[in-house]
Amino acid sequence: MSNLIVERDLHVVRITVNRPDKLNALNGEVLRALGDAIAGLDQDPTVRAVVLTGAGDKAFVAGADIAAMAQMTPVEARAFADLGHRLGALIEGAHFPLIAAVNGFALGGGCELALCCDFIYASDRAKLGQPEVGLGILPGFGGTQRLARRIGPARARELCMTGDLLGAQDALRIGLVNVVVPHADLLAKSTEVAKRIATRAPLAVTAVKRAILRGADAPLATGNELEAASFASLFGSQDQREGMRAFVEKREATFEGR
């Protein structure tokens, strides 16, 4: 997978999209490689958090590969969109959280990729947006849907209809990103948070991810029922017993994901 760099430090994995000469643009090969990497990691219960970023100093992912898209037929475009949606579903369905470390441009498909992740940390040099209308198309990897859910329909319409780009501080102001850090500190900050998550009870972290995702579009009563069922089920886990025992004994818990 020359288009990806996958590095592991105990329970934390860093995935780097590695096409810096193309500003890490997404083509079919990269989408398939990313999907396969996420699916493979999801089979490993010892993976507890993933940081996703882009190679080089300019871009997280500058967008989909326009040169590859330019001659697509509608049938080919639908297949390309399906690859993007498959990747988004794999990221959202993974048992571990993913942190998007946006180190530069995250435009079009790159912004959509970040939106699939559980949260977004941005460099102070980051630029985010959905500029597809300037190419005669609209976002095709879930951008209209996830962006509206994250920042609200009115702001999502404005960004997707104008194609305007947001700097990091403006993205923070409207809730598109979670935090903005100095460019040189981005990977350290993202990795530090991933490692902190990795010390928490893995089954509980997974349950949090799924409860929030599945409850986001459900009526409140349905979401609360989902939460209560997940809460109760964790009382059958070894991690719950270890966590509460460690609290009573005033020591750090050691979680095994069981």
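**Questions on a predicted fold**

Q: Is Asn 24 buried or exposed?
A: A residue is called buried when its relative accessible area is under 20%, and exposed when that area is over 50%. The relative accessible area of Asn 24 is 0%. Asn 24 is therefore classed as buried.

Q: What is the phi of Asn 24?
A: Most residues other than glycine have a negative phi. Asn 24 is not a glycine, yet its phi is positive, at about 60°.

Q: Is Leu 10, a residue with positive phi, buried or exposed?
A: Leu 10 has a phi near 55° and is not a glycine. It is located in the loop between β1 (4-9) and β2 (12-17). Its relative accessible area is 70%, and the limit for this class is over 50%, so Leu 10 is exposed.

Q: How many helices and strands are there in the chain?
A: The secondary structure of the chain includes both kinds of element. The count is 11 helices and 10 strands.

Q: What radius of gyration does the chain of 258 residues have?
A: A compact globule of 258 residues would have a radius of gyration near 18 Å. The value for the chain agrees with this expectation. The radius of gyration of the chain is 19 Å.

Q: What share of the residues in the chain is buried?
A: The C-alpha atoms fill a box of roughly 60 × 40 × 35 Å along the principal axes. Of the 258 residues in the chain, the buried ones make up 47%.

Q: What share of the contacts with a separation of 6 or more is between residues 24 or more positions apart?
A: Contacts in the chain with a separation of 6 or more form the reference set. Within this set, residues 24 or more positions apart account for 68%.

Q: How far apart lie the centres of the positive and negative side chains?
A: The chain has 29 positive and 29 negative side chains. The centres of the two sets are separated by 3 Å.

Q: Which residues touch the most other members of the largest nonpolar core?
A: Nonpolar side chains tend to be buried together in soluble globular proteins. In this model the largest nonpolar core has 52 residues. Its largest share, 7 residues, comes from helix α1 (residues 28-42). The members that touch the most others are Ile 15, Leu 34, Phe 60 and Leu 176.

Q: Which residues does Leu 34 touch, not counting residues up to four places away in sequence?
A: Leu 34 is among the members of the largest nonpolar core that touch the most others. Not counting residues up to four places away, the residues touched by Leu 34 are Leu 4, Ile 15, Val 17, Leu 26, Leu 52, Leu 87 and Leu 113.

Q: Is Glu 112 buried or exposed?
A: Glu 112 is part of helix α4 (residues 109-116). Beyond four places in sequence, it touches residues including Gln 130, Pro 139 and Phe 141. Its relative accessible area is 3%, and values under 20% define this class, so Glu 112 is buried.

Q: How far apart in space are Val 47 and Pro 202, C-alpha to C-alpha?
A: Val 47 is in the loop between α1 and β3 (49-54), and its relative accessibility of 0% counts as buried. In sequence, Val 47 and Pro 202 are 155 residues apart. In space, their C-alpha atoms are separated by 9.0 Å.

Q: Which residues is Leu 187 in contact with, leaving aside its neighbours within four places in sequence?
A: Leu 187 lies in helix α8 (residues 186-198) and counts as partly exposed, at 30% relative accessibility. Its contacts outside its sequence neighbours are with Arg 14, Val 51, Thr 53 and Ala 101.

Q: Which residues does Ile 5 touch, not counting residues up to four places away in sequence?
A: Ile 5 belongs to strand β1. It is partly exposed, with a relative accessible area of 34%. Not counting residues up to four places away, the residues touched by Ile 5 are Arg 14, Ile 15, Thr 16 and Asn 18.

Methods
Residues numbered from 1 in each chain as written. Predicted model: local features only at pLDDT ≥ 70, side-chain atom pairs only at ≥ 80, totals over all residues. Heavy atoms only, no water. Helix = DSSP H or I, 4+ residues; strand = E, 2+ residues; numbered from the N terminus. Rg over C-alpha atoms; globule rule 2.2 N^0.38 Å. Buried < 20%, exposed > 50% of the residue type's maximum accessible area, 1.4 Å probe, protein only. Contact = heavy atoms within 4.5 Å. Lys, Arg positive; Asp, Glu negative; His and termini not counted. Charge placed at Lys NZ, Arg CZ, Asp CG, Glu CD. Core = buried A, V, L, I, M, F, W, Y, C linked by side-chain atoms within 4.5 Å.
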